[in-house]
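Please look over the sequence and the model first, and then read on.

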Amino acid sequence: MARYQITADDVPFAREFMADPFGYRSPGLQRVLNVMRGLGPQGKYVILCTEPYRRWQLARLPARRGEAIEAVEGVNYDDLGTAERDVFLRRWRDLGGPELPLELLTMRR
Amino acid sequence: MLSLIAYTNTLSAAPGETIAVKVGSYGARTYRADLRRIIQGDRHPDAPGYKDEAIALDLGGERVARHQAIRAGSYVQIADRGNVLAELSSFTLAVPVLPTLIGDTERTIFHLTGIGLELLIDAEGRACAKLGDARLTLAAPLAVKQWILLILSFDKGELCLSALTRESEVIAAGKTSAALSRNAPVAVMIAARAPGENHFDGKIDSPVLFSRALEPLEAVARLALPQNLSRLPDLVVFWDFSRSIDGTEVIDASPHQLHGRTAQCPARAMTGWRWAGQCQDWRQIPELYSAIHFHADDMTDAEWQTDFEVTLPKSLKSGLYAIRLVPDGDEAQAYHCVFAVRPPRATASGNTVCFLLPTVSYLAYANHRLGLDVPGTEVGMGRLVEIDRHHAFLQEHPELGFSFYEVHGDGSGVFHSSRNRPVVDLQPGIKGFLGGLGSNVWQLTADTHITGWLEHQGVAYDVITDEDLHRDGLALLRQYNVVLTGTHPEYHSLQMLDALQGFVDRGGRLMYLGGNGFYWRISFSDAHPGVIECRRSEAGIRPWEPGQGQFHHAFTGEYGGLWRRNGRPSTELAGLIMSSQGFDLSEPYELGEAASDSRADFIFDGIDRTLGRKFGAFGLSGGGAAGMEIDRADFALGTPRNALILGSSKKHTDIYLMTPEDMLDPTPDMSGTQNDTIRADLVYFEKEGGGAVFSVGSIAWAGAMAWNKYENEVARMTWNVLRRFDKRN
């Protein structure tokens with residue numbers, strides 16, 4: 001349903017998100033997040049609570065009710081901020097966003 | 001994943017009463033049961049600590065866990081009597097249908113078991129009839145959400161099937177040779193081949209069976225005058241779905257009286273094939289509400305066998321309890337069957353404080369799948385959806401049935417929720433989707449922030465449930481000085497509202513410790529024990545609409561939807577009304593001038609009430625006391641004129657938006673950083689006769705109470721109010 005396309009104009013918003021994945025958003029970042037977070041349900045990124053409040057694993061939702069959630073092997077997080085940054089970058093790529101500066105990519109963890 | 005799930009026959013029992021426990025293994029081999037009193041269920045590291053209490057009661061030793069299946073899907077079942085059906089040698093079945101889901105599998109409309117006669121829609125969406133070994137399939141697939149009249153007749157070895165439009169145009173027809181033979185007892189299934197097998201999704205309108213073969217237009221002419229059908233000598237049965245709409249009975253209006261029953265609560269009071277907007281209330285012209293909407297995923301009664309029973313000790317104090325089931329010796333995998341021990345029925349407990357456990361709202365959210373089915377949930381959460389093991393289980397087991405937040409497989413809204421099935425999110429310590437950054441707990445577990453605080457303060461209190469309140473009314477509340485709500489008491493029956501309103505009108509004191517309370521109307525029905533109905537009419541934040549002409553509940557005829565649109569806005573009871581929701585961050589209140597009013601002295605005892613000071617800038621639910629779902633005072637909508645607005649949240653993120661009922665003319669300034677209506681107000685008002693109300697208008701309040709192990713100004717204020725409210729003068 002989303003109409004908005006991520007372009008080079010959105011790089012400042014990626015910077016804003018990577019600096020603080022929680023909190024108040026500029027209108028531009030909110031627009032980018034609305035596109036990213038409205039994706040799905042098939043293949044939507046979610047995080048599995050493998051240890052309550054301590055450890056999470058990346059996973060993807062299936063297309064239909066009754067099908068299993070698919071864990072992404074080897075992608076685990078020790079805090080929610082790291083998970084948010086990692087998934088933001090994955091979605092940026094999935095949605096055809098332009099190359100991001102190296103310093104943003106290295107903020108993943 | 002969960003290796004064992006269970007449910008009890010009730011969510012409330014008095015001391016000395018017996019509870020039946022129904023357990024189903026999903027991998028567990030054995031389990032042990034014990035009785036626990038639940039005190040604080042949030043497991044977040046910053047929460048006060050998970051706390052329950054073992055009750056010394058022998059529930060037996062190790063038991064073998066057995067699998068119990070759940071067969072979702074609604075249907076009607078009718079037994080033959082007097083061989084009325086078994087001795088048919090020729091017949092015509094006429095039935096209007098409106099399929100809402102086709103493809104993938106065969107979907108049975110009508111099955112005459114024992115004769116092997118079946119009318120169905122095949123996996124390609126084509127109408128099809130089976131009789132013995134014969135199979136007759138019409139060429140053109142049916143369209144979804146369009147009425148079609150199917151006419152199936154048999155005589156002298158010939159089976160004929162026709163499909164007609166509402167305008168009596170024959171759009172497809174066919175015939176084949178077939179033989180009629182009886183090989184087993186005869187019964188009728190409508191909307192399924194058998195329970196759990198080949199269920200139909202869509203509307204079926206009052207099937208009629210005649211004892212001879214009729215030409216299609218001859219059958220159409222008869223259906224045009226349903227009131228005359230019972231006088232026709234060749235009428236066999238006329239299952240008139242417009243009768244007994246509020247119950248489970250399916251009435252045969254023919255002289256044979258082959259009545260049947262619905263199972264798994266299909267939607268009744270649904271517009272039939274003759275409805276074209278003539279009325280909106282099924283009670284006015286019930287003949288137009290001649291359809292039942294069946295769903296392959298309807299589930300209101302798992303019908304599990306009881307594994308064991310627990311008789312509660314007569315000395316057991318009222319409270320929040322669970323029968324804990326520990327599978328294969330692994331306590332970390334324990335399943336909790338939560339229930340309230342209400343005070344004794346015949347005698348007063350002596351307690352003057354009552355916590356009203358919002359079990360109706362728990363059922364409204366029972367097994368909800370917002371983070372699984374609805375992509376936009378993550379937008380509203382403002383962060384990734386977290387999946388714990390109960391969510392993963394729900395994803396793989398949709399047969400557990402849904403909440404009011406889901407749509408059925410055919411996209412239509414879920415009108416019914418039930419406690420007669422495992423409700424896997426009605427357990428302490430589990431994650432929510434909507435609980436905000438921090439604990440991210442919702443409903444029951446969030447409410448244990450309140451029970452934990454009551455225990456921390458050493459308060460002697462009773463716990464009653466919404467269903468107790470609905471059944472017993474104000475009589476149940478008379479012994480109390482104070483009633484405390486949960487964090488999100490959103491759904492109420494008229495009887496529940498009347499009891500609470502009557503309580504405060506007669507000197508009772510209400511502490512509304514939540515947000516978005518008293519919002520939606522629900523109905524109970526004696527014909528459907530343990531089930532509630534909700535039709536989300538007109539406005540409100542809602543995932544579906546009930547469909548045109550279908551806004552009145554089948555259970556009671558009540559007009560569904562918001563209490564605000566039913567003459568009972570929450571402002572009357574609680575002084576506040578739903579304003580907005582967002583599930584990321586919460587905010588503090590900023591104290592207003594009314595905080596310094598002398599009437600509020602007791603509320604601010606020991607608390608700085610400097611004008612403009614931020615109050616409650618902390619918490620487990622989004623980091624503030626005001627958030628998640630928030631209510632405002634609104635004098636134009638009924639907030640009492642004497643209400644003191646002690647404080648208000650002054651900003652929220654732009655995830656918080658105005659509600660549909662407020663957003664009459666959408667403009668781009670209706671979000672949390674821009675619009676002043678998007679706020680939580682902290683309100684206190686007094687009633688004539690000594691009654692009083694303290695309302696926080698925020699789901700996040702209790703998460704702030706539990707901050708720093710209940711040592712904070714929000715908990716202090718709550719204590720100030722409770723201490724004062726509990727004194728009668």
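## Two helices of chain A

In this predicted model, helix 1 of chain A, which covers residues 11-19, packs with helix 2 of chain A, residues 27-37, at an angle of about 85°, and their axes are 9 Å apart. Because angles of 65 to 115 degrees count as roughly perpendicular, helix 1 of chain A is described as roughly perpendicular to helix 2 of chain A.

The residues that meet are A:Phe13, A:Glu16 and A:Phe17 from helix 1 of chain A, and A:Gly28, A:Leu29 and A:Val32 from helix 2 of chain A. By class, the residues of this contact between helix 1 and helix 2 of chain A are four nonpolar, one polar and one charged.

## Where chain A touches chain B

The contact between the chains involves 29 residues of chain A and 24 residues of chain B. On the side of chain A that touches chain B, at least two residues each come from helix 2, from strand 1 (45-51) and from helix 3 (80-94) of chain A. Strand 1 of chain A gives the largest share of that side, namely five residues, and the classes on the side of chain A that touches chain B are 18 nonpolar, six polar and five charged residues.

## Strand pairing between the chains

Strand 1 of chain A also pairs with strand 28 of chain B, residues 386-387, in the parallel sense and over two bridges. Within this pairing, A:Leu48 has B:Ile387, in strand 28 of chain B, as its bridge partner.

Key: Residues are numbered from 1 along each chain as its sequence is written. Chains are lettered from A and ligands numbered from 1 in the order in which they are written. This is a predicted model: local features need pLDDT of at least 70, side-chain atom pairs count only at pLDDT 80 or more; totals for chains, interfaces and linings use all residues. Axes are lines fitted to C-alpha atoms, for helices over the stretch in contact, and angles run from 0 to 180 degrees between N-to-C directions. Helices (H or I, at least four residues) and strands (E, at least two) are DSSP runs, numbered from the N terminus. Angles under 35 degrees count as roughly parallel, over 145 as roughly antiparallel, 65 to 115 as roughly perpendicular and the rest as oblique. Two residues are in contact if their C-beta atoms, placed from the backbone, lie within 7 Å. Ala, Val, Leu, Ile, Met, Phe, Trp, Tyr, Cys and Pro count as nonpolar, Asp, Glu, Lys and Arg as charged, and the others, Gly among them, as polar. Two strands pair if DSSP finds at least two bridges between them.
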